[in-house]
Amino acid sequence: MDDYAVVLNAGSSSLKFSVYRRPAADRWRLEARGQIEGIGVAPKFSVKNGAGEKLAGDTLDKAAVRDARSALNAIADWLRAQYGGARVLGVGHRVVHGGARFDGPIVVTPQVLAELRKLIPLAPLHQPYNLAAIEAVSERLPGVPQVACFDTSFHRGQPAVAELVPLPRDVRETGVQRYGFHGLSYEYIASVLPDAAPEIAGGRVIVAHLGSGASMCAMKNRKSVDSTLGFTALDGLCMGTRPGAVDPGVILYLFQNLQLSAKDVETILYKKSGLLGISGISNDMRDLLGNSDPAARLAVDYFVYRAAKEIGALTAVLGGLDGLVFTAGIGENSAEIRSRICDASAWLGIEIDQTANGANSPRFSRPGSRVSAWVIPTNEELVIARHTGVLLGLVEART
Ligand code: ADP
């Protein structure tokens with residue numbers, strides 16, 4: 001019987017999964033990678049094999065796939081039909097917030113789960129769904145070990161000034177500090193930089209993870225020295241439905257003058273702002289690009305403006321810049337957004353080759369460009385799979 005390991009990345013409206021197989025005594029290999037998108041609205045299931053060929057693609061029943069748990073059931077049914085009798089040795093999960101305590105991946109126990117639940121208010125858009133997936137797996141596969149891998153861990157070890165939230169000590173002692181997010185994505189990029197972009201790997205690099213959530217990480221020699229997301233995943237860049245940095249006085253105004261409740265403010269900050277809030281049209285960059293509506297154009301202009309502004313700030317943190325790497329949904333797929341952000345950062349010495357950019361070439365800066373520009377597809381699931389394998393003793397740790 002073959003052994004399997006499963007990786008789950010559970011979001012509010014999507015559940016991404018990867019299946020790794022180990023034919024007897026052989027190395028682990030990617031067997032399938034897929035997702036259910038549009039959970040509760042218009043669920044769609046798609047899955048490809050390890051070679052990227054389509055295995056299945058279906059529209060699912062909206063009533064049957066209404067939440068993370070039912071999405072997991074749908075995936076489990078497909079897995080059983082596909083790999084009946086398989087032995088699952090472990091399940092790895094993306095968990096957005098590890099707080100101050102979890103600075104690396106960990107095997108989930110009831111105590112760990114209880115600690116992670118306390119962090120739900122710090123990541124209401126992600127943490128509940130991540131934890132629901134862990135709970136659903138322990139119900140379906142009791143006894144199968146699970147590993148939680150955190151988006152915050154990669155950023156631990158930043159200088160004290162980068163982690164500081166300059167509030168009184170008693171407030172900070174409750175855990176108020178800058179944690180940073182998208183760490184699994186940054187960890188993947190850091191791991192492939194020596195092969196993918198050897199000339200900048202040991203230098204000063206900004207990685208721009210631009211997806212529906214967006215952030216940037218300043219890396220020196222592949223270690224995080226600062227990032228644009230902080231205590232929660234609300235800071236920094238403009239995102240699909242989150243505003244990025246906002247004067248905290250505005251939040252006070254929402255409470256004091258508009259008399260909004262904490263729940264209302266949370267909904268505004270996590271679900272109604274950013275590209276959606278500015279445009280009033282969509283949180284999806286694809287809907288906004290090419291839309292001539294002035295509000296859509298303003299949303300895209302602000303997204304680019306804010307990105308260029310953060311690149312300037314992180315370049316100051318790094319004391320100069322050698323390379324700029326784009327990744328995630330927008331970063332990997334939108335030549336237009338890459339081009340606009342690079343043009344707005346031309347003062348740093350970034351000169352791009354429009355043909356290479358349009359072709360999504362890994363390196364799309366001109367040969368003589370002082371700062372090089374790159375597109376590197378991220379793979380958070382692979383990072384989770386590696387950690388899960390090592391922690392559960394399924395593979396040897398790489399030295
Ligand atoms: P997440 O994993 O955070 O949901 P992704 O990294 O998958 O996000 O990115 C999703 C976003 O990527 C979409 O909301 C969409 O705005 C953007 N995107 C995907 N493809 C394109 C494209 N071709 N052009 C512009 N934006 C795109």
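V47 stands opposite A56, a residue of strand 5. That pairing belongs to a hairpin made by strand 4 and strand 5. Keep in mind as you look around that this is a predicted model.

**The hairpin**

- Strand 4 covers residues 44-49 and strand 5 covers residues 54-59, and the two run antiparallel, paired over five bridges.
- Four residues sit between the two strands of the hairpin.
- In the turn you'll find G52, which has a positive phi of about 85°.

**A parallel pair**

- Strand 12 (residues 323-327) goes with strand 13, this time in the parallel sense, and four bridges link them.
- To spot the pairing by eye, look for L324, which stands opposite A373 in strand 13.
- Strand 13 itself takes in residues 372-375 and is covered on both faces.
- On one side of strand 13 are S372 and W374, on the other A373 and V375, and all of these are buried.
- As a general point, side chains in a regular strand alternate between the two faces of the sheet.

**Around the ligand**

- Which residues surround the ligand? They are K16, G211, S212, G213, D284, M285, R286, A328, G329, I330, N333 and S334.
- By type, that shell splits into three nonpolar, six polar and three charged residues.
- From the side chain of K16, an N or O atom is 3.0 Å from an oxygen atom of the ligand.
- D284 also has a side-chain N or O atom 3.0 Å from a ligand oxygen.
- With I330 the backbone is involved: one of its polar backbone atoms is 3.4 Å from an oxygen atom of the ligand.
- On its own the ligand has 580 Å² of accessible area, and the protein covers 70% of that.
- Helix 11 (285-288) and helix 13 (328-333) are the elements that give two or more residues to the shell.
- Helix 13 gives the most, with four residues.

- A328 counts as buried, because its relative accessibility is 6% and the cut-off for buried is under 20%.
- R222 isn't a glycine either, yet its phi is positive too, at about 70°.
- You'll find R222 in the loop between strand 10 (214-220) and strand 11 (223-227).
- Is R222 buried, exposed or partly exposed? With a relative accessible area of 32%, R222 is partly exposed.

**Cysteines**

- How many disulfides does a search of the whole structure find? The search finds zero.
- C217 is in no disulfide, and the nearest cysteine sulfur, which belongs to C342, is 17 Å away.
- C217 is buried, too, with a relative accessible area of 0%.
- C238 is likewise in no disulfide, and its nearest cysteine sulfur, again that of C342, is 18 Å away.
- At 1% relative accessible area, C238 is buried as well.

Definitions and conventions:
Residues are numbered from 1 along each chain as its sequence is written. This is a predicted model: local features need pLDDT of at least 70, side-chain atom pairs count only at pLDDT 80 or more; totals for chains, interfaces and linings use all residues. Side-chain values use heavy atoms; hydrogens and water are left out. A residue is near a molecule or strand if one of its heavy atoms lies within 4 Å of it. A polar contact is a pair of N or O atoms within 3.5 Å; within protein, one must be able to donate a hydrogen and the other to accept it, and residues adjacent in sequence count only if both atoms are side-chain atoms. Accessible areas come from the Shrake-Rupley method with a 1.4 Å probe; for residues, only the protein chains shown count as cover. Ala, Val, Leu, Ile, Met, Phe, Trp, Tyr, Cys and Pro count as nonpolar, Asp, Glu, Lys and Arg as charged, and the others, Gly among them, as polar. Buried means under 20% relative accessible area, exposed over 50%, partly exposed in between (1.4 Å probe, protein chains only). Two strands pair if DSSP finds at least two bridges between them. A disulfide is a pair of cysteine sulfur atoms within 2.5 Å.
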